[in-house]
Each structure stands twice: as structure tokens, then as C-alpha cells.
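Here's a quick briefing to read with the model open on your screen. Let's start with the core and then zoom in.

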Amino acid sequence: MSIAADWSPENPILAYLQTLIATKKTLPYGQPVVAHASVNHTGSASLLRLAADIGPYIAILQIPADAIDDWSSDTIEQLQYLSRKHRFLLWEASKILNPMVNFIGRADAPLETRQALADLIKKSYTSGPVRTATWSNLASCWAPAAPIDQQENDILIPTLRSAAREAVATTAKIIQTEISAETNNYSSSEEVEIILPCAETSNGWKEFSPNNTGSVLRKSSTISVTTESVIPHAHIHADDGVPIPPLLARSVALCLPSTTESAFTSEFRQSTIVAACANSDFVIGLATSEPFFVNHRGNDILDLALFDGIENPQLGISTAKLATLPYVNEHQKSLAVFSLVPPSLSLGFEFDPTVKPDGSPPSDSDSETPYTAQYLYHAVGQAVALREKNRQEQEPSVSQKQPMGPNLIHLPVVIVV
């Protein structure tokens, strides 16, 4: 029996999010919600309880691992179990990998210094008490700030891509070794061949596609006795039509500064967007503090790069120059845009334990509604309603031009207490 790999050059995290939007019917108002665990959750028990309560209603859980007092490998193991059970991704969100804004991508900065900083950032991604790359699907990073037409000057994103590849390959090798040891004691005469997804795609990234969550995880459907001792709870299957997350896939989201933040130039904002487009195999998209309901209505990547808020043009690189970059105008690709749902939208929220999170009456088989799940529905509902109102008000002034750049997938980020 062979367990082989399906390969895809597409970013596996983004592909999985697209699948969640289509298949996970419990997402509030159909939105691929990112839940950010607030600083109220400083212990593993509290964090895991939150993940269990809201897991059925989210696409991604942002975890402040540095703020968890008793963070451990057991915490990680339980989070991965809940991720598989409730079909959501994990995002370590307590650190930004590149603190050196506007330096690493500069060609005029000494190469030795840039390389030393890139190596330090790599270690913070793969090592230390959190070891983000070993377990978290997503991480956050400032862009390297290379000029928009000189992305080859960047050494940061290639370094992080390589670090992610090494961390995942090491994890896969450990799993393969442990399962191989288990299968040596397998009582059946049937030959078992394990083929881990280790081949490279055309872009050089050893992808673990959404259908490839780690072939060893799927192996449990055939030889559960050997895998359950290696990967706890590996018997979970996608019986509800929602696939299990690609636990061995890795991506980073580049932080996109707000158009109102005077500390950042428009060129840096544009460079961030271009860097995401140029590295879409590993960079999932852009994370911004700008409100979900304000400027994320359309699908034009240049609207994000060139305009302040809704209608005021920024200074910086022209539309014509941006449009000449081949990786900016690739319609077959996609990028995610993560934007904040302001906590102020939840003012006036009143918990009602007698209804389901979406406000409908519960059935006899329903358990008690978690407070956080109902809060999540309320916050997302307010943001979606406000976004629709803004869209209708702005619609007459929005041009009907063909969107330029990758397709944008908008994800609301909600801070949950």
C-alpha cells in the first residue's frame, strides 16, 4: 500500500482558507474569521478552553504564545488537536519576526549586516521557547523594504522560507522515524510504504498541500494503532465535509502599515504589497490594523497601494509603474488581507445563553452556547453590516475598471476576551 503526495504550487494555507469559506457552514455570516486571543488568556487552560469554545466558528486562531505563563509542548499538542477537530489554522501572534523595519531589503546596507540580522530572525522563528516554525501555520513579519522593482535584494523572505522548510522537514522526518519504528511491529503481513511529501515544486518550496496534511496523519484511517501513539488524536477525520487543516504548511503575513501612520512612507507600504505579490508561494498576504469595514470592499491590489483610505491619492510610485511589474498583475494568484474589527463595534453586546451563537433557538441536542462564540457572531455581524452600508454609499464613485493584481480574500480579525 502506498500513501503518495498531491502537489500544488499554490500557497497551501490560502488554498485551505478558500476551502473553509466554501465548506465550513458555521463561520459567522460566511466570513473566514480570525480570532485573536486577548491578554486575558495567560494560562494554557484558559487558552485551550477558548480554542474549544470558538473553534467551530473560526478559520484561524491567533495565539499570544509569549504571554502564556505555562507554555509547553503539551499546550502545542492540545492546540493542534483542537485545530484538527474543529478545522481551523494556528497563528503565533505575540511576536513580529522582523523588527528591523526598512533595512534588510536595502541594497545600500552592508550585506554582512543584513545577513547576520536575517540569521537572527531565522533563529527567533525556529528556536527559543516558542519555536514558532515547528507548529504554527502562520507568523507575522514586517516587509524587508526592498524597492518595488528590486525584490531580488531581499534576503529576509528567502531566509524565512528556508527556515520553514527545514522546520517542517525535521518534523516530518521525526514522524516518519517514529511511525517506521511502530510499523516494524505491525502484525499484518500487508506491506506498508510511507511516502512523505518531500519533493520540490517549480518554485523550490517543499509544499505540503491542503490534500497533504501530512500523509502520515491520513495514514491513521488504515493503521490507526500505529499512528495514534505517535500523533495524539490522529483518528479525527473530515466526516463533515470540511477537510483537516494542513498542519505541516507554513506561511507568513506581512504587516501593512495604515495609510494614516506618518512613521511609514507610502513607498514602504507599496514595497510591502509588492513583496507579498512577489512571494505569494510563502507570503499569505497582508495584515493591517485598518478596519475591516472601511477600505476592504474591492479586489484591486493597487487600491491598497496607492490610495489613502477611500478616495485620497497618496504620493509614491505611480499606478503605471506598479502595473509593469509582472508579479503584481497576476490574476490567477490570490492574497489574503487581514483587517481588524474594532472592539468598539461590540459595545452593547448582551449575552443570551438561551440562543445559539447565530441567534437561532437551540435544539434539544445543543449544549450551552459559549459566551465567546456569541460575542464573535455579534462583532462580525456588526462589521459586515457596516461594510455593506459603506459599500452602498461609495458605489456610485467606485470605478468599474478591471481589478489589477492578485485576487484579494478579506478576513476579519476579532479580539476575543
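A nonpolar core here is a set of buried Ala, Val, Leu, Ile, Met, Phe, Trp, Tyr and Cys residues joined through side-chain atoms within 4.5 Å. Buried means under 20% relative accessible area, exposed over 50%, and partly exposed in between (1.4 Å probe, protein chains only). This is a predicted model: local features need pLDDT of at least 70, side-chain atom pairs count only at pLDDT 80 or more, and totals for chains, interfaces and linings use all residues. Residues are numbered from 1 along each chain as its sequence is written, and side-chain values use heavy atoms, leaving out hydrogens and water.

**The cores**
- The largest nonpolar core has 41 residues, and Leu 97, Tyr 125, Leu 160, Leu 254, Leu 286 and Ile 301 touch the most other members.
- Elements that each give this core at least two residues include α5 (156-183), β7 (251-255) and β8 (283-291); helices (H or I, at least four residues) and strands (E, at least two) are DSSP runs, numbered from the N terminus.
- A second, separate core of 37 residues includes Ala 37, Leu 50, Ala 379 and Val 416.

**Around Thr 272**
- Thr 272 sits in helix α8 (residues 266-278) and is buried, at 0% relative accessible area.
- Leaving out residues up to four places away in sequence, Thr 272 touches Ala 143, Leu 254, Cys 255, Leu 256 and Leu 286 (contact means heavy atoms within 4.5 Å).
- Thr 272 and Leu 286 are 14 residues apart in sequence and 8.1 Å apart in space, C-alpha to C-alpha.

**The whole protein**
- The protein has eleven helices and twelve strands.
- Of its 417 residues, 53% are buried.
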